[in-house]
Amino acid sequence: MPRTTDVIIQLTVNNHPGVMSNITGLFTRRAFNLEGILCGRLEDTKTSKMYLLVNNDNRINQIIKQLEKLYDVLEVSICTNCDYEVFDNIHQLIQGK
Amino acid sequence: MKCSGGEIIIRLLEEQGIDKIAGIPGGANLPMYHALAKSDKIQHILARHEQGAGFIAQGIARTTGKAAVCFATSGPGVMNLLTAIADAKLDSIPLVAITGQIPSSLVGTDAFQEVDTCGLAIPITKHNFFVSSAKELFHILPEAFRVAEEGRPGPVIIDIPKDVQLEEIEIDIWPAKDRNNERSIDIYMNNDKAIASLEDIDQLAEMINGSKKPLLYIGGGILQSNSHKLLYDFAKKNSIPVASTLMGLGCFPSNDPLYLGMLGMHGAPYTNLILNETDLLIAFGVRFDDRATGKIAEFCPKASIIHVDIDPAELDKNKSTNFSLAADIRLVLDELILSIEENQREGWIKEITAIKEDYPFPMKKKEDAYHPLNLIKSIGSMVEDDTIITTDVGQHQMWVAQAYPFQKPRTLLTSGGLGTMGFGLPTAIGAALANPDKKVICVSGDGSILMNLQELATLADLNLNITIIILNNGVLGMVRQLQELFFQETYISTKFVTNPDFASIAKNFGIKGYDFKNNQEPEGTLQKILSLSEPCVINIPIDSSENVMPTVPPGAANHQMIGGKKYA
Ligand SMILES: Cc1ncc(C[n+]2csc(CCOP(=O)(O)OP(=O)(O)O)c2C)c(N)n1
């Protein structure tokens with residue numbers, strides 16, 4: 001279920017060591033908020049899937065356009081049918097509840 | 001055939017058409033240099049500081065539009081290069097920096113001269129590559145050039161550990177050059193993404209034809225897309241006045257009646273006031289930078305906005321538009337010029353002429369021959385149209401932008417985005433290397449020139465046709481000006497305690513040096529010196545209290561500029 005306060009951005013990225021820092025570096029450099037990251041390798045491919053939980057503010061289009069420019073980012077979309085509870089569960093894990 | 005990584009690098013660079021590389025050797029890039037020693041196609045330019053090497057490469061790239069290459073060793077070599085790379089990023093300059101890295105087996109151990117080059121590269125490059133085997137070079141090298149030049153250009157770093165440079169691999173047949181990697185700018189520009197649809201063109205034409213007071217706001221995208229000629233025909237056909245950013249200077253002839261000069265912080269009063277009146281702002285190849293727009297909410301308050309830029313992320317970034325298009329300006333203009341009407345726009349032109357007359361640029365009396373604006377203007381009248389001007393950063397830079405009569409694109413090389421003092425001299429060296437038939441003039445300040453002064457030695461080595469003009473006010477002028485105007489004349493650390501003798505310094509580097517200290521006839525002497533084609537330094541004392549006017553106070557709208565009153 002999409003929420004209005006947050007969105008999940010779904011990325012397909014090349015799977016090599018520098019990718020994560022290129023992506024998080026973008027968020028720092030452009031002062032975008034990043035609330036959570038989930039990442040995993042796709043079986044039998046050289047790519048990974050990443051899910052980024054970000055605030056749904058008026059900069060979302062800019063974030064997406066900047067992500068699209070990154071060399072190792074192959075696909076970017078806003079995930080409309082993602083299960084937001086995944087991040088809630090992680091939140092609980094992190095808060096130790 | 002057995003080839004080392006180093007040999008593969010050099011041969012791939014030769015295939016890219018590279019004939020000059022600026023750099024400094026060190027432990028971690030020695031194998032590359034060893035291979036370079038055997039190349040008869042590539043000349044190595046030994047800079048005296050890696051920042052100098054980076055800017056020499058920029059001078060080549062900024063004047064040719066093609067990616068240029070610089071080399072540095074690991075650790076301190078990389079660190080010294082970074083400023084020039086960040087500078088290239090902000091001004092969208094294609095650069096391929098190839099850095100040596102310590103051997104792979106030592107990476108991550110805090111080995112001697114180890115820094116995380118790729119980590120440092122992230123926020124200041126378009127992309128960075130780490131090479132982990134010699135065979136990867138065949139893919140990565142051409143790819144780096146493609147990334148640097150394609151779409152919106154920018155710098156790329158390739159970090160190559162020493163063992164990869166030494167690695168010998170067996171090559172049966174040298175891989176044929178990938179046709180897609182052909183280094184012609186035209187091919188890159190013609191990629192599908194950069195093309196506008198017919199509906200887009202129709203809509204643009206309709207907006208322009210229907211507008212009463214259109215105005216073109218142009219920038220570096222015009223020269224990147226090589227569309228200055230089309231732009232000229234386009235503006236002329238529909239009588240659209242043209243205001244330029246710092247990066248766009250030279251893309252529209254400054255003596256044309258439609259030309260409005262540079263807009264923004266140090267624009268002429270009439271330029272910023274005319275922007276207030278337009279009903280349709282046609283923004284081509286610009287990014288609505290704060291120095292150009294002033295307070296963005298009050299920029300062009302009466303206008304609808306059209307924005308065309310090759311980088312989709314620039315559209316609606318700082319200012320929302322009425323119509324925007326991520327496309328190559330040249331391809332758009334090619335079509336658009338057919339769809340716009342011929343129009344004299346007598347009413348709008350009359351209004352503009354009146355504003356120009358009522359709010360002129362505050363030029364100084366001609367008799368004041370040592371006023372920087374007059375000096376710049378007279379330099380402009382003494383040299384050919386194709387002379388390349390480089391500047392450093394500060395007041396002298398803005399005086400050049402305001403008063404030099406630029407006629408052709410790529411004749412002004414200046415650090416617009418990063419504003420890097422020390423840019424002028426090494427960039428002039430690169431420009432002169434790439435344009436042996438042209439004169440290059442570096443206009444600098446007594447603060448900036450010291451930031452890469454060591455490159456006078458490189459200049460002496462190469463004996464290039466470069467005139468360095470130091471407008472010497474004995475202060476960090478631009479900062480002094482800010483302290484005077486916005487910090488209640490509290491001057492701290494802007495006046496130099498001692499002043500070096502620049503003419504003697506030049507002589508000691510083996511270059512001619514002139515001092516205008518007691519010269520009553522600066523114009524005549526300048527004329528004589530500029531007619532020569534050898535490297536030299538000219539020190540010209542100017543009044544330290546001179547300010548760049550007009551100026552828009554921080555946070556204010558462009559029309560709230562100060563210092564725009566009429567001068568006789
Ligand atoms: C590397 C760097 N350090 C500091 C600054 C800040 N800064 C901007 S202009 C300026 C003064 C430049 O002095 P000078 O080169 O003498 O030129 P002038 O303004 O006097 O013409 C300074 C310190 C800068 N732009 N770049």
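How are H3(B) and H18(B) oriented to each other: roughly parallel, roughly perpendicular or oblique? This is a predicted model, in which local features need pLDDT of at least 70 and side-chain atom pairs count only at pLDDT 80 or more, while totals for chains, interfaces and linings use all residues. Residues are numbered from 1 along each chain as its sequence is written, and chains are lettered from A and ligands numbered from 1 in the order in which they are written.

**View 1. Helix H3 packs on helix H18 in chain B.** H3(B) covers residues 50-64, and its axis sits 6 Å from that of H18(B) at an angle of about 45 degrees. H3(B) and H18(B) are therefore oblique to each other. (Angles under 35 degrees count as roughly parallel, over 145 as roughly antiparallel, 65 to 115 as roughly perpendicular and the rest as oblique.) Axes here are lines fitted to C-alpha atoms, for helices over the stretch in contact, and angles run from 0 to 180 degrees between N-to-C directions. The crossing is right-handed; that label applies if the near helix is turned clockwise from the far one by less than a right angle, and left-handed if anticlockwise. On the H3(B) side, look for residues including Phe55(B), Ile56(B) and Ile60(B); they belong to a contact with residues of H18(B), among them Pro426(B), Ile429(B) and Leu433(B). Contact means that the C-beta atoms of two residues, placed from the backbone, lie within 7 Å. By class, this contact has 10 nonpolar, seven polar and no charged residues. (Ala, Val, Leu, Ile, Met, Phe, Trp, Tyr, Cys and Pro count as nonpolar, Asp, Glu, Lys and Arg as charged, and the others, Gly among them, as polar.) Helices (H or I, at least four residues) and strands (E, at least two) are DSSP runs, numbered from the N terminus.

**View 2. H18(B) also meets helix H19(B).** Here H18(B) spans residues 424-434 and H19(B) residues 455-462; their axes come within 9 Å and cross at roughly 20 degrees. H18(B) and H19(B) are therefore roughly parallel to each other. This crossing is left-handed. From H18(B) come Leu425(B), Pro426(B) and Ile429(B), and they meet Glu455(B), Thr458(B), Leu459(B) and Leu462(B) of H19(B). That contact counts five nonpolar, one polar and one charged residues.

**View 3. Helices H16 and H17 of chain B cross at about 55 degrees.** H16(B) is residues 372-382, H17(B) is residues 395-403, and the axes are 9 Å apart. H16(B) and H17(B) are therefore oblique to each other, and H16(B) passes H17(B) in a right-handed crossing. Pro372(B), Leu373(B), Ile376(B) and Lys377(B) of H16(B) touch His396(B), Trp399(B), Val400(B), Gln402(B) and Ala403(B) of H17(B). Sorted by class, you get six nonpolar, two polar and one charged residues.

**View 4. Domain 2 of chain B touches domain 3 of chain B.** Chain B is assigned domain 1 (2-175), domain 2 (198-358) and domain 3 (372-541); such bounds come from an automatic or database domain assignment. The contact brings together 12 residues of domain 2 and 13 residues of domain 3. The domain 2 side has seven nonpolar, five polar and no charged residues. Taken over C-alpha atoms, the centres of domain 2 and domain 3 of chain B are 31 Å apart.

**View 5. Chain B meets chain A.** On the chain B side, helix H5 (117-121) and strand E6 (127-130) are the elements that give two or more residues. That side has seven nonpolar, two polar and one charged residues.

**View 6. UniProt lists a "domain: ACT" span in chain A.** The unreviewed entry places this feature at residues 8-81; UniProt positions are given in the numbering used here, feature names are shortened, and annotations may be inferred rather than shown by experiment. Over residues 8-81 of chain A, the chain is 28% helix and 38% strand, with the end C-alpha atoms 9 Å apart.

**View 7. Two backbone spots in chain B: Gln488(B) and Pro550(B).** Most residues other than glycine have a negative phi, and most peptide bonds are trans. Gln488(B) has a positive phi, near 50 degrees, and is found in the loop between helix H20 (477-486) and helix H21 (502-509). The peptide bond from Met549(B) to Pro550(B) is cis, with omega near -5 degrees. Pro550(B) lies in the segment after strand E20 (536-541).
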